[in-house]
Amino acid sequence: MSLDLKVDGQSEDRAEGYAQGILGTPMDRPDGEAKVTGAATYAADEVPEGCLVGMLVRAPGHGRIEVLNLDEVRNSDGVRAVIRDPRMIRNAAQGTANQAPVQGVDKADYIGQPVALVVAESFETARHAAHSLKLRTDGSPGIVNPEDAEPEGEPDTTTGDLDGAMSSAAHSVDVIYTTASSVSAAMEPHATLAWWDGDRLTVRSALQMLKYNRNELADSLEIDPENVRLLAPFVGGGFGSKLGISADAVAAAIAAKELGRPVQVVQHRRQVFETVTRRSETRQRIRLAADAEGRLSGIGHESLVSNLPGEGFAEPVAQATHFAYGGAHRVIGERLARLNRPAAGSVRAPGEAVGVTAFECAMDELASDVGIDPVELRLRNIPDKDPESGIPFSSHMLERSLREGAERFGWAARDVAPRARREGEWWIGTGMAAAFRVNLMMEAEARIALSPEGAVVETDMTDIGTGTYAILTQIAGEALGLPADRVEVRLGDTTFPPGSGSGGSFGAATTGNAVWLAAQEIRQAIAQRMNCDEADLTLKDGTAICGNESRPIAELLDGGSLNGHGHVTAGDAFSDVRQSTFGAHFAEVAVNDVTGEVRVRRMQGTFACGRILNEKTARSQCHGGMTWGIGMALTEGLTHDRRDGHIVNRDFAEYHMAVNADVPPLDVHLLEERDPWSGPLQAKGLGELGICGAGAAVLNAVHHACGVRVRDMPATPDRVLAGLE
Amino acid sequence: MKPFDYVRAEDPAAARKAAATAGATFISGGTNLLDLMKLEVMAPDTLVDISRLPLDGIEDHEGGLRIGATVTNSDLAADMRVRRVYPILSRALLAGASGQLRNKATTGGNLLQRTRCPYFYDTDTPCNKRTPGEGCAALGGETRNHAILGTSDHCIALHPSDMAVAMRALGAQVEVEAADGTTKLHEMDDFYRLPGDTPHIETVLQPGDLITAVRLPAPQGDRQVYRKVRDRASYAFALVSVGAVIRMEQGRIAHAGVAFGGLGTKPWRDPEVDALLTGNAPSRELFDEAADTLLRGAKAQDGTEFKLPLARRVLRATLEEATQ
Amino acid sequence: MKITLTINKHAQTVDVDPRVSLLDALRGELGLTGSKKGCDHGQCGACTVLVNGRRINSCLSLAVMHDGDEVTTVEGLANGELSPLQAAFVEHDGFQCGFCTPGQLCSATGMLGELEDGWPSHASDSLEGGYELTEEELSERMSGNLCRCSCYPGINAAIRQAAEKDGAA
Ligand SMILES: Cc1cc2nc3c(=O)[nH]c(=O)nc-3n(C[C@H](O)[C@H](O)[C@H](O)COP(=O)(O)OP(=O)(O)OC[C@H]3O[C@@H](n4cnc5c(N)ncnc54)[C@H](O)[C@@H]3O)c2cc1C
Ligand code: FES
Ligand code: FES
């Protein structure tokens, strides 16, 4: 049996009336103890007896690959195989691809493409042998810089006459912003352990979306997905980089089959930079036309992004621009340059992370031009319905976010003019930005077995750090009237019902609703045994109460167990109304007048994402997003060699993500909200909202501090200095 | 990593002897050497472990200090004499790497750490420093952490050390025991070589030479400032750094020892800059002239152009702070 | 090569290829997979362990160079129950994915010892000593441990709480 729900309309908020009282609380993570003792096992943490170690080998150039010393390496001490199999994949699969990405090792489309796997008895031997393999390539790099490509893409969404609006506008902004190519850089490198049992393959890997990953792996290997089992109970961060199957998984499986032994392949950090999808660099032309009061009459947001030939993903830069602000005349769209650089794909908040950030910088420029407060500019332009489709918003929390955030930050005390505050060498300034992120729902299933000991929740959903273990515990506990310690959540195993996977901020709400539905099914069964209407049933601390009757659930189970299965899919609620999450960012920065160095001194983020399922893990997610905003604005960027497109700074010493000292105190304010359109839990995604626009608040503060507009991110000291000089 | 023989030296003589064989290299903290060996940028046949040699003391010496080669960067930065008398050295050390790395990194190893040029690290691109005669991928490539002073047509690799900049400003000497047991003293000023057409030869050391200590003379200036500019607040190499050791007498600069990081193919110090400053009263014009002198032979690439104004500004600010 | 390490108070002898890093010896030969490999090049801090009481990056050190040394890993921090620092990490959500956490915990343990020993840091105004765990000191001293989930607020709150408890005790 199963309780299925297609979310077509509004749902009733049942959780509100429930008695357990754990949903939404800042409960500690149930997986916390395992994580602080080192007991949590990630992909590379289990190595069976007799396991071989594989190392991927990168293509040093473009074109046809010739191996000059294959036999020598193959026959060297401790080496078991040098595998060059056409099924090996060129780069990680795109999120939800559900099929193999481009495969093959004969020809390299980008520098760094995995073109061989060396398998040996030990890591040291495999690493050295991989280095010893001599490869020659014969191709030219082809096109590796976006400005050299003939862009392709869908036509822009055009409404009205933007050129006309621009020329007749009282105030206008026409600017080009660029953001650098960047990476997820989850701390756990991509890693796989694979072993076969006859035709059955088991793979322990670092992955975010197992139900898709299983099909991707099976398709790559040309085997039946039924014969593939994936395990990922703990994942050391994903941020998009583990949405699709990666090169280590396919190669490990091939090697394990060929050699008849388990094989572990852990990508070296430098390989992760190249083989896993990056966030495309963007070039964004933003046009804003406004009347004398700052009311927008026109919006242009045209972007150039890039990807490797054969990849179906184009960074959806303007995803939120379509609905963020009103304005009758609009030109919005993306163009894609096909480049022989490492593949691009989803990285935390694809689209909005870079799109909202640049757009909100341009809005700041408009506010300066109009001469009004930047908060006020946003308030004046909040649309009352989706500006393009005309459908209503499921909820719209931007105004509240702006007002409450400004209040908490102390925005009112701000000097209007830039370059007004100075402390020694440092210019001090503040800036703000609005935050938007579309709310998505996928399909998910989950099951619960309720026994006298408590509930066991199972789904192949992953916890990549987002707090899945915690929130599913709370959801099941709340619905079934059990304290957290009587709920066990089991994740990351494809023998469990397929969850949504982690990505696009949809994991918590989607899989959460599946668990919720599974619990509802059990509630119905309990109600039946209590001879009451499920709506009148109260479950708390293991007791079922209906009217005057109160019975321990264990007794109702009568030695057996009750099973529930939930299945949720997105329906019309995701097209009849516009669903989004909203927020506001405020930042105070100091800019060094001598060096151009920027230090963020404090940040405030106010976010509305429907019901908050766990206040503690939610807050941590927001911290993460805001910190990524700091990185995007100030420090992070891949450098591609202009001659051949290869990633020059492919390590953590030269790719600068924020360290502890870069991150100031972060104030996070979560707005309590229910969004009935988002499903029975009334919760929306929040893992990505925190990054959307955060960098704009920082850069706008840089401008306010020292008067320099940096339109090319990251605003490293040299770029700020160029404006100060 | 290529297989190698591992030898733990029990005393300096044994260390020198073991290191005199072809393909042998000392390992001290290992934080630079192992980094490079894992990528096979360096591939010694024998590793001579000197980490347990009795070279980990800091002693008073002729009015100055003698710092053993295996003293860790942490211990050196925390030493009270260094903190009080050579604060520039503590500051430079503390501005480098991370707490963990400084606990392993040693004085000798820090001096000899190699460039962070990404093409040097990438064995799939040509590099004259790694493989003499192969060419230089950095020239015409992506530059940022590269030198603008002391470069050649063969190499623009930057020396990345912070510690060595402070030591140069202090006028340190490097104490070396040669393979034959004799002790030599090299002025820091003569210790590093310019790349020229042999960028793979970075110092005057001969095979088997063991650095036993760094000697600091009695401080020539009580005003010591180390200032480092980097891409993030911590745990990053210098874009530009300036270390200044200044003594003021009656409103004039009586001694100036100014050294630079992030600019040179070696930890940089320019006697003409010091000479220009010495004897003069501090002024903005003087500092600008010092910057002109420093940068007179600078050769920037597209990606390092920014170092010209940055060096100028940081030099000025550092000197202002040190002469106030 | 045969070496003996005292790991989490137990002496253990292992036979390793000289190329094996201390990290790989712990994770592989000794089965202590708590310590993590985030970069293998001293650039992230996930592999931080305590050697003779000091925090180091175990990836950038050879196992053979540690013959006779005392090593503490994340597995050795709990003594039957969670240490105050570990408990504070759970309470303050000082992690999300948890991958950097073993390194953060070992690093924080070593860092608090350094602070107690009066070591200065880049954030110290004076080099004369007497340092306190201000936000600047704490974040500078912990900057050798990257956390991509960006749990720095939780990490810092947890360390501060554990340090205060320790100071009060
Ligand atoms: C991520 C990262 C960030 C860093 N950031 C900085 C920074 O910001 N600033 C900075 O200055 N440094 C930085 N470093 C570099 C660090 O300071 C050096 O790695 C360290 O100082 C090297 O010392 P070691 O003892 O570990 O040297 P080793 O790696 O042991 O040796 C380095 C070289 O010196 C030779 N050698 C060592 N001792 C002797 C001796 N006594 N006699 C003769 N030869 C010897 C070795 O043979 C080897 O060639 C960073 C390093 C890393 C990994
Ligand atoms: S794994 Fe050692 S520092 Fe990253
Ligand atoms: S908790 Fe994920 S990297 Fe720190």
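Apart from its neighbours within four places in sequence, Ile526(A) is in contact with Leu450(A), Leu537(A), Leu539(A), Ala544(A), Ile553(A), Leu556(A) and Leu562(A). The model is predicted, and the values below are computed from it.

Ile526(A) belongs to the largest nonpolar core, which has 285 residues. Together with Leu89(B), Met167(B) and Ile159(C), Ile526(A) touches the most other members of that core. The element that gives the most to this core is helix H9 of chain A, residues 352–370, with 11 residues.

### Domains of chain A

The area that domain 1 of chain A and domain 2 of chain A bury between them is about 1,500 Å², and 57% of it is on carbon and sulfur atoms.

Domain 1 of chain A and domain 2 of chain A have 1 salt bridge between them. Asp493(A) and Arg229(A) meet through their side chains in a salt bridge, at 2.5 Å from N to O. Polar contact between domain 1 of chain A and domain 2 of chain A amounts to 9 residue pairs, with both residues at pLDDT 80 or more.

### Domains of chain C

For chain C the assignment gives domain 1 (2–76) and domain 2 (84–166). Taken over C-alpha atoms, the centres of domain 1 of chain C and domain 2 of chain C are 21 Å apart. Contact between them involves 16 residues of domain 1 of chain C and 17 residues of domain 2 of chain C. Domain 1 of chain C and domain 2 of chain C bury about 1,200 Å² between them, with 59% of this area on carbon and sulfur atoms.

There are 5 residue pairs in polar contact between domain 1 of chain C and domain 2 of chain C, both residues being at pLDDT 80 or more. The salt bridge count between domain 1 of chain C and domain 2 of chain C is 1. Arg55(C) and Glu114(C) form a salt bridge through their side chains, with an N to O distance of 2.8 Å. On the side of domain 1 of chain C that touches domain 2 of chain C, strand E3 (48–51) and strand E4 (54–57) of chain C each supply at least two residues. E3(C) gives the most to that side, with 3 residues.

### Contacts between chains

The table sets out the salt bridges named in this report.

| Residue | Partner | N to O distance |
|---|---|---|
| Asp493(A) | Arg229(A) | 2.5 Å |
| Arg55(C) | Glu114(C) | 2.8 Å |
| Arg650(A) | Asp122(B) | 3.0 Å |
| Arg148(C) | Glu636(A) | 2.8 Å |

Chain A meets chain B through 39 residues of chain A in contact with 40 residues of chain B. Chain A and chain B bury about 3,200 Å² between them, and carbon and sulfur atoms give 49% of that area. The count between chain A and chain B is 8 salt bridges. Polar contact between chain A and chain B covers 20 residue pairs, with both residues at pLDDT 80 or more. Helix H3 (123–132) and helix H17 (717–724) of chain A are the elements that give two or more residues to the side of chain A that touches chain B.

Between chain C and chain A, 42 residues of chain C are in contact with 52 residues of chain A. The area buried there is about 3,900 Å², of which carbon and sulfur atoms give 57%. Chain C and chain A are linked by 5 salt bridges. A further count for chain C and chain A is 23 residue pairs in polar contact, both residues being at pLDDT 80 or more. On the side of chain C that touches chain A, the elements giving two or more residues are helix H1 (22–29), helix H2 (84–91), helix H3 (101–116), helix H4 (135–141) and helix H5 (152–168) of chain C. H2(C) provides the largest share of that side, 4 residues.

Technical notes. Residues numbered from 1 in each chain as written. Chains lettered and ligands numbered in written order. Predicted model: local features only at pLDDT ≥ 70, side-chain atom pairs only at ≥ 80, totals over all residues. Heavy atoms only, no water. Core = buried A, V, L, I, M, F, W, Y, C linked by side-chain atoms within 4.5 Å. Buried < 20%, exposed > 50% of the residue type's maximum accessible area, 1.4 Å probe, protein only. Contact = heavy atoms within 4.5 Å. Domains from an automatic or database assignment. Buried area = accessible area lost by both parts, 1.4 Å probe. Salt bridge = Lys/Arg side-chain N within 4 Å of Asp/Glu carboxyl O. Polar contact = N/O pair within 3.5 Å; in protein donor to acceptor, adjacent residues only side chain to side chain.
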